[in-house]
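This report covers a loop position, a helix position and a helix pair.

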Amino acid sequence: MIGNNDYINNYFLPKYYNSSRHYTPKQYANVLVEEYARHLKTLHDFGARKLAIIGVAPIGCTPNATAYYGTNGYLCVKKLNKAAILFNELLKLRVQDLNNKLIGANFIYLEIYEIIWKYVNAIGKSAFIL
């Protein structure tokens, strides 16, 4: 719904989109999380009670990100991954808040970032070269 593409295909493409000029990374994460929360509330209004909400993966480790931005000797692009981590932290808190406020809501936040990050570090950059 919201997350990966909002960063990869918007925020981190200032040549084409102005969102990074209007928002700090934290502000942008807040905007995205609140939009996500509105969608979740709508789904709840339509009767959804059990949903899995998946965080953003380490977007700075994709082949496109490393080729486009360079890694300065690191395995991945730090600024993209920092944005993903920030978004995930805010999303997790917001999901907890929705569970407390919406009657019968059982939304589960799934932490995908850490799982993929551990995998990337375990096998190194070669994992993303096909």
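## Gly70

Gly70 lies in the loop that joins α4 (63-69) and α5 (78-101); helices are DSSP runs (H or I, at least four residues), numbered from the N terminus. The model is predicted, so local features need pLDDT of at least 70 and side-chain atom pairs pLDDT 80 or more, while totals for chains, interfaces and linings use all residues. Residues are numbered from 1 along each chain as its sequence is written, and side-chain values use heavy atoms, without hydrogens and water.

With a relative accessibility of 30%, Gly70 is partly exposed (buried is under 20% relative accessible area, exposed over 50%, partly exposed in between; 1.4 Å probe, protein chains only). Neighbours within four places in sequence aside, Gly70 contacts Ala65 and Val77, contact meaning heavy atoms within 4.5 Å. Its C-alpha atom is 9.7 Å from that of Gly60, ten residues away along the chain.

## Packing of α1 and α3

Helix α1 (residues 4-11) packs on helix α3 (residues 25-45) at about 130°, with the axes 11 Å apart. Axes are lines fitted to C-alpha atoms over the stretch in contact, and angles run from 0 to 180 degrees between N-to-C directions. The pair is therefore oblique (under 35 degrees is roughly parallel, over 145 roughly antiparallel, 65 to 115 roughly perpendicular, the rest oblique).

Asp6, Tyr7, Asn10 and Tyr11 of α1 meet Pro25, Tyr28, Ala29 and Leu32 of α3.

## Ser19

Ser19 belongs to helix α2 (residues 19-22) and is buried, at 7% relative accessible area. Beyond neighbours within four places in sequence, Ser19 contacts Asn10, Tyr11 and Tyr28.

Terms used
Helix = DSSP H or I, 4+ residues; strand = E, 2+ residues; numbered from the N terminus.
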